[in-house]
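Let's take a walk through this structure together, one piece at a time. Have the model open beside you as you read.

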Amino acid sequence: MPESEATCCQEPEVDFVVLDRIIRDEFGGRREAMIMMMQTIQRRYRYLPEPALYYLSQVLGVPITKIYEVATFYASFSLVPKGKHLLHVCTGTACHLKGSGGMVRHVAAKLGIAPGATTPDMKFTLETVNCLGACAVSPVVVFDDKYYPQATVGQLNEFIEKVNAE
Amino acid sequence: MKIIMDGKEVAAERGQTIVEVARRNGVYIPTLCHVPALEPAAMCRVCTVELVEGRRTRLVTSCNYPLRGDAEIRTDTPMLRQNRKVLIELLASRCPDAEALKELAERYGADLNRFPAEDRQCIMCGLCARVCERVGGNVLALCGRGVEIRVDTSFGRLSPTCIGCASCVQICPVNAIRIEDMDGERRVIVRGKEASRVQLRKCTSCGIHFGPVIDLGPVLDRAGEGGVPAFNASVCPACSRRSLARRLAERHFEQHAVESPDADEEG
Amino acid sequence: MATAISTAPDLAWTKKISSPQELASFRQAILASLDPNAPRIRVCCGTGCKAVGSLDVLEAMKTAVAAAGVDVHVMPEVKRTGCHGFCSRGPLLTLEPQGLFYQRVKSEDTAEIVQKTIIGGEVIPRFLYKPPGSKEAIAKVSDIPFFAKQTKLVLKRVGRIDPFDIRDAIAAGAYEGIAKVLAEMTPQQVIEEIKVSRLRGRGGAGFPTGVKWESCAGQAGRHYVICNGDEGDPGAFMDASVMEGDPHAVLEGMAIAAYAMGSDRGFLYVRMEYPLAVQTLTAAIRQAEDLGLLGQNILGTDFSFRVSVSTGAGAFVCGESSALMSSLEGKVGRPRAKYIRSTEKGFRDSPSNLNNVETYANVPEIILRGGQWYTTYGTERSTGTKVFSLTGNVHNVGLVEVPMGTSLKDIVFGIGGGVPNKKELKAVQTGGPSGGCIPIPSKFIDINVGFGKLAEIGSMMGSGGMIVMDENTCMVEISRYFINFLVEESCGQCTPCREGLTRMREILSRITQGEGREGDIELLEEIGQFTNNFSLCGLGTSAANPVLSTIRYFRDEYEAHIRDKKCPAGVCKPLYYYEIDSEKCTGCGVCRKRCPAAAIEGEKKKPHTIHQELCIKCMECYRNCKFDSIRIM
């Protein structure tokens, strides 16, 4: 198994006790539960830290390449830390028809980042999501886990101002 | 089992894939992501053929379609030729200079410059990743998805598990992977980017560098009983041959020393 | 994105129900404890209503009821329920026993509702629903056309029961089907009954469910029963609502399937964007196991069936069966190129039966009432009902369950209430991103929705998304949208899907930006046919449908973009501009005040003008002009 000492030193925040609790206790160390383990790890750290994935590889006996493959395949996984505040703009069909595409472009332009990216000050991450199943109240945005139905550009500006004021 | 291929009955065994039957009977079907040694992945789709089932015609990939009963197959209809043409034109934009595509383009009348070239030096056949999983050290994988899919190492870093076997180099149909042996190290370079660096073994006899120094554990596990003794050699193949020749010559000399000196010339 | 709802009641202390007969008496006991005339307030807590704050309404209602100090005997029961389907009107309340339907209720309204309606018995008119174009408000659920015109078989308990309390579901008849199966049917009889019903898979392909079960049951080895809850189609939320509103229907359907196929293990694969569904299903499984309705020795018999929930990680392609199974195994969810059915060799290389949420939810009722009964709904080739999620430019957005064969007109106008803001209906898009756009008005408005019919006209049933598009929808742009979606969601392994879609997106983007060229339409058709012919999985072989169907029916719109550099619908920004019709403009000044770019000028009561160089084409003036004087040029 590959050594991951170098990366461990750069990112010392990974807690192996926590990882053990997730991998072994919560999911019984089952290889098939790997995606859910990774989700739990991501929820804990807001992204997938490299040392955590190497540790996962070691415990499960799965080559790191396979884990990296999974981490880059699924849209919800991120290998870079996400911002403190998370804005999801739904771009499902119903929301699209009500102009969510323009909302994404507006926020992206205002923050100077592409969808999926985080501002350099690590305060704000802009993401798009393909349908949240709340089509009746489109366009929908989710800011820090709270749903905002029939969202407007004005509301998005408020979020940005609020974050910038922090 | 009666198999008709392009109007002629051909010899086939149950369970053989269409491509196997075609090759055996000298029928040409193009392939880009298929080698007999690896399990078919049906990714490039260029080997798609028409399978006639009663009144219905189905499109199947010949590299992985197992023949289990009577079947009629058409390998070169105008419809297939048209779709293969588009396929090659699309792939050519990824890899404009690939010889493998030029040959096919000629055959199907494809215009290699139909779509703007974005030189990615890779046609995404996935062979390198598959062979690396099967033979090598699980270094290369298909990462990302959608149009972003690419061959890469974990985290895009130099891989510590590479055994320097160079299977990827051998298998790549567009020569996008090469190795460089230099200063006692082997570098595997994928599309111009270094993927791994493996230390080379130094010959105890002549001092040149030859095979890679690798962790034999996983390799021997995969090779099973009998192992791969060549990896344990401490002398290079040339020295090893030379020493074998020397030993043979010595033995020969010992055997023939008691016989007449003329015998040597006869042998 | 999870917003936790209060936890489900713990039933671990209860005795397991040890026979099918005991389940009947358990149900009787629950029913006996309920007073049918007791007031009951149901608060919809589906995803749509939650988004508009129904959880706050639920809590406020509980507080209001407690504060009002209503007599214990008439203490109204405040319940959260799954989705009523009428999502555009949320938050929704239903009040029993009167059967009142209140819509758009806010937290601050709760005290008034308790005082006036619960205690005073008075109906508050402002919460009642008024159908579009009508002055009459409707008080009762059963009288609202949106509900009255539906036939609810799959959704019958959704919106009526608390999905977190299994006793509610049992009282409403859940698990009667599995009890019947265990008491009196052999696995072969179960399969036979499903075959008689002619139930077809509701995930889109429409494969006969009974045939699938039979072929899986006939295989050797351990069998797996898998439920596809990876409803990825944007604009579709019917499976979400079933899982969130009546998880037991799905679980019971899976248990019956497991019994029929001799399986003891099941998995529910739910997309991660549905956190509420994961919560309801997990709670439902735990409660059902506590009561002996799932798990070891179900209802005291030899039959055991354990189910667990797995979540996806954001990949649309995982709705494809082989990709879903790969993902369940913890691997990358790329479809596998194999000419072996998953009923033979699927999950863990074992025989696996995969059905969609709605398919399983149909099963218990078929078993209870018989396959023959089921065929009385729908058409000869498409039996039963289908749930559609009606969204887009339509008055009543929400979930609609109708018998197969219902006409598009009945769905869009009868139930959906037509297109708002006096706009013209232009098209209906069905089948999700790989479906097609059906042009309307045309003969297609009368088409009967079923598996075969939609395919004939170049669309498909898909899982049941139905998106209504009005005259302001640009068909070129919408096909660019769908192709862009598929480019992002393609797994990327096979050439046609990866390269073909990329090129199509490139061409479509160019056209919508006014840089279309002669020959682009033909090129799109050529690439589109190639992707549909040569791709590996279902995603790829249907990926070009949005393009091909819009070219087929709206070719003139493509031509307008390419030749005239015009977007007739006024969507593609470089290809249109707004102009004020001086004949119609009354100079009311609404547009001038609303314009965020200060691009509109004009004196009061005199026709206004737009400064084109300042206009940002935000549509604000167009949308708000009451005199229809702003035109798309």
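In this predicted model, the centres of domain 1 and domain 5 of chain C, taken over C-alpha atoms, are separated by 41 Å. The domain assignment puts domain 1 of chain C at residues 35–144 and domain 5 at 577–632. Between them in the numbering come domain 2 (166–374), domain 3 (385–470) and domain 4 (475–562). Chain A gets two domains from its assignment, domain 1 (5–73) and domain 2 (85–165), and their C-alpha centres lie 29 Å apart.

Now find an open sheet in chain C. Its four strands pair in parallel, in the order β7-β6-β5-β8.

Zoom in on β6(C), residues 265–270, which makes six bridges with β7(C), in the parallel sense. Phe267(C), for instance, has Ser308(C) in β7(C) as its bridge partner. Then look at helix α14(C), residues 357–369: this helix lies across β5(C) (224–229) and β8(C), and runs at about 95° to β8(C).

Arg198(C) isn't a glycine, yet its phi is positive, at about 55°. You'll find Arg198(C) in the loop between α8 (187–197) and α9 (209–217) of chain C. Is Arg198(C) buried or partly exposed? Being buried takes 20 or more other C-beta atoms within 10 Å, and Arg198(C) has 19, so it counts as partly exposed. Arg348(C), in the loop between α13 and β8 of chain C, also has a positive phi, near 50°. With 15 C-beta neighbours inside 10 Å, Arg348(C) counts as partly exposed too.

Next, look for cis peptide bonds. One joins Gly90(C) and Pro91(C), with omega about -10°, and Pro91(C) is in the loop between β2 (77–81) and β3 (93–96) of chain C. In chain A, the bond from Ser138(A) to Pro139(A) is cis, with omega near -5°. Pro139(A) sits in the loop between β2 (124–129) and β3 (141–143) of chain A.

How do the chains meet? Where chain C touches chain A, 41 residues of chain C and 33 residues of chain A take part. On the chain C side, α2(C) (47–51) gives the most, with four residues; β7(C) is among the elements that give two or more. That side divides into 19 nonpolar, 18 polar and four charged residues. The contact between chain A and chain B takes 10 residues from chain A and 11 from chain B. Helix α5(A), residues 64–73, gives the most to the chain A side, with six residues. Five residues of that side are nonpolar, two are polar and three are charged.

Finish with chain B itself, which has eight helices and 11 strands. Of its 267 residues, 38% count as buried. The average pLDDT of chain B is 89.

Notes: Residues are numbered from 1 along each chain as its sequence is written. Chains are lettered from A and ligands numbered from 1 in the order in which they are written. This is a predicted model: local features need pLDDT of at least 70, side-chain atom pairs count only at pLDDT 80 or more; totals for chains, interfaces and linings use all residues. A residue is buried if 20 or more other C-beta atoms lie within 10 Å of its own, exposed if 12 or fewer, and partly exposed in between; C-beta atoms are placed from the backbone. Two strands pair if DSSP finds at least two bridges between them. Two residues are in contact if their C-beta atoms, placed from the backbone, lie within 7 Å. Axes are lines fitted to C-alpha atoms, for helices over the stretch in contact, and angles run from 0 to 180 degrees between N-to-C directions. Domain bounds come from an automatic or database domain assignment. Ala, Val, Leu, Ile, Met, Phe, Trp, Tyr, Cys and Pro count as nonpolar, Asp, Glu, Lys and Arg as charged, and the others, Gly among them, as polar. pLDDT is the predictor's confidence in each residue, from 0 to 100.
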